[in-house]
Each structure stands twice: as C-alpha cells, then as structure tokens.
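This report covers the overall fold and the aromatic ring pairs of one protein model.

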Amino acid sequence: AVTGPVMVHANVSVKSTVLSDTVSFAIYRDGKLIGNHLTQTLPGTASGTAIVQLSAIDSPPSGNHVYALYWSPGTGTLVANSNQRNLYTINLVPQ
C-alpha cells in the first residue's frame, strides 16, 4: 500500500506500420492521467523501432492503486516489440 509520493517509470520499445508516425504516450493511475502526454515521432525507416521512456512523480492518497502506460497511435498501427516494455513504481516514503 502507498503511504506517500510514488516515482513511476515506464519504457516500451515500439514500431508503427507507418514511417515517421507521430504517437502519444501517458501514465495513468486508477484510470486518471498523471503527468503529461508525451508525443514521439517514430523513425522514418521500414520496421524502425523507438524506445520511449516516461517518468512521473505521483502523490496518491494512501492505499492500493493501479498504474498503467497507455498509448495512442498516429495514422498507423502501433505495436510493442515482443515483451520489451516495463512499468516500475517506487514508494518514496519508507514503510
């Protein structure tokens, strides 16, 4: 259970079916946006991949929470490469 501020870090390796596609990423807690949306233009090469990293400091109420990384594709289909994605949370107040 969270008892104070939380550091959230996410990274994902993605590729799009469209060259130079502009895609968006964001971190959510309990279905609500925390931090800012990140917009990334992917490589202009066929099957080009990009590693996207996001971090945020969240100050949730005490208790248990669900964190998620959401993305929104541009004009193509956006996929993660295999299982190359991570989401970490660190409670910044020792329990």
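What percentage of the 95 residues in the protein is buried? Buried residues make up 34%, where buried means under 20% relative accessible area, exposed over 50% and partly exposed in between, with a 1.4 Å probe and protein chains only.

The model is predicted, so local features need pLDDT of at least 70 and side-chain atom pairs count only at pLDDT 80 or more, while totals for chains, interfaces and linings use all residues. Residues are numbered from 1 along each chain as its sequence is written, and side-chain values use heavy atoms, leaving out hydrogens and water.

The protein has six strands and zero helices; these are DSSP runs numbered from the N terminus, with at least two residues (E) for a strand and at least four (H or I) for a helix. Its C-alpha trace spans about 50 × 20 × 15 Å along the principal axes.

Searching the whole structure gives two aromatic pairs. Rings of Phe, Tyr and Trp (its six-membered ring) pair if their centres lie within 6.5 Å; planes under 30 degrees apart count as stacked, over 60 as edge-to-face and the rest as tilted.

| Pair | Class | Centre to centre | Angle between planes |
|---|---|---|---|
| Phe-25 and Trp-71 | edge-to-face | 6.3 Å | 75° |
| Tyr-28 and Tyr-70 | tilted | 4.6 Å | 55° |

Tyr-28 lies in strand 2 and Tyr-70 in strand 5, so this pair ties together parts 42 residues apart in sequence. Phe-25 is in strand 2 (residues 22–29) and Trp-71 in strand 5 (residues 67–72), 46 residues apart.

Phe-25 is buried at 0% relative accessible area, and Trp-71 is partly exposed at 33% relative accessibility. Tyr-28 is buried at 17%, whereas Tyr-70 is partly exposed at 42%.
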